[in-house]
Amino acid sequence: MKTLTALIRREYLEHRGAFLYAPTLILVVLLIITASGVAFGRFQLDERMALLPALKVFEFGTLALSALWALYLMAALFFYYADAFSADLRNNAMLFWKSMPVSDFGILASKMLAGLSLFPLLILAAMLLTALIVFGGTSLSALTLGIPVPSLFAYLSSLVQIGSFVVVGVALALLWYAPFFAWVGLLSTLFRRWSIPLAFLIPGLAGLAENLLFRNAGPDGGYLLSYLRHRLQFGDNRMEFGEGFLTAGPFAAGPMLGRLVASIDWAQFAGGLIVAALLVLAASAYRRRSVAA
Amino acid sequence: MNDLAQSTAAPIITARGLRKRFGNAEILHGLDFDIPPGRIYGLVGHNGAGKTTTLNAILGLTSYEGTVRVLGEDPFEKRARLMQNVAFISDVASLPRFLRVRELFALLTNIHPNFSQEKARGFLDGTDVKMEARIRNLSKGMIAQLHLAVVMAIDARLLVLDEPTLGLDITYRKRFYRRLLEDYMTEERTLLITTHQVDEIEFMLSDIMFIRDGALVLHMQMETVSTRYTQLIADPARLAEAQAIGPIYQETRFGQTAMVFDGVDRERLATLGAVSTPTLSDLFVALMQRGEK
């Protein structure tokens, strides 16, 4: 466990740019934008919104920005795995890592776990800070416009509800997309920086070949591409989530999570995790035979 | 040319029929050797002779045919476990450059059970390498010092150095080897070094192996080298006589004819000119060229 923790910390030290420095920069920009928006009265809270308009705006702003952070996380993780699985080759460092009493699978598993634990936690921290900025912006705008300001308890309650939904949602999404991350990781082990285009090119070509060879058989676009289309979609569709959010009173995580959990294909979920583990195993088997410095 | 009856202690390294192929090309042609504990071995050969491939097999970095045992373990199958008792420097530039020296030591403390941070810090005392320095900002010589401090702080039974001083100036090279001898070597430890600067390590070697085209052409203790091989600077008047004895190598240096003899009585040669023990580099040239057209 000590070794695994140390290796995850190593990943943090090597890749903190995308998960610490860049989010910090984004938060500073967001803070400046919010502060100037409040200062210049650019935020207009619509009085026709529900009973607690300022709280609703806070919830909407926090959820929308959390969704953007989640997208940022997924994209950053994709690039992280495309880099991290071959990062040991940089500056001849591979042989140093191979001089350590850690197996190749152990090294790659630590990279996989870093992307599914520590880095999401950093982005969740950024989401929390974003919520604080939204809280500040909403409260100050409400005060300026003479709209009732929700109590601190109402804000905290809302934050807990949103936080629960976001944490569980992000955790499930990360595990759902784990095989795609492992796929680009495996390609990175084999082809280094070419892993990113190849991650799309290989399934694209395979899908094309299937369509050419077995024309008019199976679903539209062929089995492979329609499966991938289905597999890339996580949870319920956006409209239903939006409706759930708009029709409800204060945001409640329970029903939303219930809907999310019900919408997940759990067989695919479990199968995906097995595939992810096998892909990491394959990457480590290749890495074990590779002494490229 | 092997001198295997050197020690009754169980060998640290055993190789039997060690072969390695890359595609259709066989790089190692069935090497057989034992390396007993407490010795300092030099493995010398031309570029492409198979030195690094041999070391990679010993370190479990590459697959091979035949049998190799290091500390009783199959290195390719048990590399991670083996690395608890084996340390190696494969290249002076192989330390992870994104870390600070302090971070590297903290990482090693948690990853390597036999690494002593205290010792490593002690080895760096008096050098220009500072704990807060980023490795990427260190000079080549400082990185070599740091890497040596790292491996010397690992309580390993076998230390393998593959061209450890490549690209360093003479001052660093001499300091590197002096430090290694004074602060690291004990009777329980075994050192295996490959280098092209063979004259610089000759003073410290207990045994020597020459490898040519994937085959061992010499494997013996240094004491045996000095009794078995003789260099003769032949008296010009007795040149024909000396040649008649059958030198294994002959060359003209500054108008003088130097010959190397294998297993010829030194007193007999002394009547034909000035005799001495050939340096390792002279012997290397002699044995590498023998049999070549």
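Which residues in α7(A) meet which residues in α12(A)? Let's start the tour there. Keep in mind that this is a predicted model, where local features need pLDDT of at least 70, side-chain atom pairs count only at pLDDT 80 or more, and totals for chains, interfaces and linings use all residues. Residues are numbered from 1 along each chain as its sequence is written, while chains are lettered from A and ligands numbered from 1 in the order in which they are written.

**Stop 1: two helices in chain A**

Select residues 178-191 (α7) and 266-288 (α12) of chain A. Helices here are DSSP runs of H or I with at least four residues, strands are runs of E with at least two, and both are numbered from the N terminus. On the α7(A) side, show A:Ala178, A:Pro179, A:Ala182, A:Trp183, A:Gly185, A:Leu186, A:Thr189 and A:Leu190. They meet A:Gly272, A:Leu273, A:Val275, A:Ala276, A:Leu279, A:Val280, A:Ala282, A:Ala283, A:Tyr286 and A:Arg287 in α12(A). Contact means that the C-beta atoms, placed from the backbone, lie within 7 Å.

Now look at the axes, lines fitted to C-alpha atoms over the stretch in contact, with angles running from 0 to 180 degrees between N-to-C directions. They come within 8 Å and cross at roughly 10 degrees, so the two helices are roughly parallel (angles under 35 degrees).

**Stop 2: where A touches B**

Show both chains: 22 residues of A are in contact with 24 of B. On chain A's side, α1 (2-39) and α3 (94-98) each supply at least two residues, and α1(A) gives the largest share, seven.

**Stop 3: a sheet in chain B**

Next, pick out the open three-stranded sheet, order β2-β1-β4, with antiparallel pairing. Strands pair if DSSP finds at least two bridges between them. The edges are β2 (25-35) and β4 (65-70). Five bridges join β1 (13-22) to β4(B), and B:Ile13 has B:Val70 as its bridge partner.

**Stop 4: B:Thr194**

Finally, click B:Thr194 in β7 (190-194) of chain B. Buried or exposed? B:Thr194 is buried, because 24 C-beta neighbours lie inside 10 Å and the cut-off is 20 or more. Beyond four places in sequence, its contacts include B:Leu43, B:Lys51 and B:Asp162.

Methods
Contact = placed C-beta atoms within 7 Å. Buried ≥ 20, exposed ≤ 12 C-beta atoms within 10 Å, placed from the backbone. Parallel < 35°, antiparallel > 145°, perpendicular 65-115°, else oblique.
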